[in-house]
Amino acid sequence: MFTAVIYKQYHTYLKLEKSLSENTVVNYEFDLKKLCDYCAGRGIEPRDATFEDLQEFLYTSFKSDTNPRSQARIIAGIRSFYKFLLYHNYIDQDPSELIESPKIGEHLPEVLSVQEIDRMINCIDLSKKEGRRNRAIIEMLYGSGLRVSELVTLKLSNMFRSEGYMIVEGKGSKQRLVPISPEADKQFGLWLEDRALLDIKTPYSDYAFVNHYGKGLTRAMIFYIIKMLAADAGIRKNISPHTLRHSFATHLLQNGADLRVIQQLLGHENITTTEIYTHINVQDLRNAILKYHPANNRK
């Protein structure tokens, strides 16, 4: 039987790591309850459900709700749940990965402007013991486009600061070389001065970023830091650490970087994943026409 601990972990995952709104979290958990009831009726655990089981569940759910957006939400919630189970090693294979969603238009990720990122940085209190660490975290996420999981597992032994690059372990334990921007390197050097004063516990001695107890940072902690800085900066967008990664890629593309280069920097296996940023750029062009062309500003 799935325990309450797992469901509590999933709730935290939705709130902090996925940065979903309260309403979306409620909907996802409501749909999950329906899936659990369906599985119980068939005498199986949700983690033992097959692709065919999920197809049948969705078929019965969609009979009473034909709205494509509602259907897409249910599918998104189910996928999210199984991705969570897979990431935490509760299952070995994701039965939801082949499920197709109805076409309802493309969702573009949230992006911060350079000014908004500067406002977040300016809200960091460098007089606090975690101040220089948090500044270095922001510079690493935005300056190198790291995933939050890559940041919390970054090793000192994989950082070659004199050469200006680091080895990052991404999805599927795949390693890639990522440049360290001069500003990120500068702020990281300042953080190392504070880090040297901490009592680093042995298992975390090679971790680039640790908490004040000398232990590794969690992904949830990075989410909390980003959200608090965004709130302090007066940013009302629904952002997460991944927003800084999106901003990194978008700003590179806007300033002329080749899409293939961005693909390598982000560690995308498929170029189509990186192409989402071309859509963001096209949207920027459209917004510029709407805002600045005189034909759209007639009274």
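1. Let's start with Met 228, which sits in helix 9, spanning residues 219-232 (helices here are DSSP runs of H or I with at least four residues, and strands are E runs of at least two, numbered from the N terminus). Keep in mind that this is a predicted model, where local features need pLDDT of at least 70, side-chain atom pairs count only at pLDDT 80 or more, and totals for chains, interfaces and linings use all residues. Residues are numbered from 1 along each chain as its sequence is written, and side-chain values use heavy atoms, leaving out hydrogens and water.

2. Now take a look at Val 178, in strand 3 (residues 175-179). Val 178 has 1% relative accessibility, so it counts as buried. Leaving aside residues up to four places away in sequence, Val 178 touches Ser 144, Leu 146, Tyr 165, Met 166, Val 168 and Leu 265 (contact means heavy atoms within 4.5 Å). Leu 146 is 32 residues from Val 178 along the chain, yet their C-alpha atoms are separated by 8.8 Å.

3. On to the inside. The largest nonpolar core has 49 residues, and Met 120, Met 140, Met 166, Phe 209 and Ile 222 touch the most other members (such a core is a set of buried Ala, Val, Leu, Ile, Met, Phe, Trp, Tyr and Cys residues joined through side-chain atoms within 4.5 Å). Another core lies apart from it, with 25 residues, including Leu 54 and Ile 74.

Technical notes. Buried < 20%, exposed > 50% of the residue type's maximum accessible area, 1.4 Å probe, protein only.
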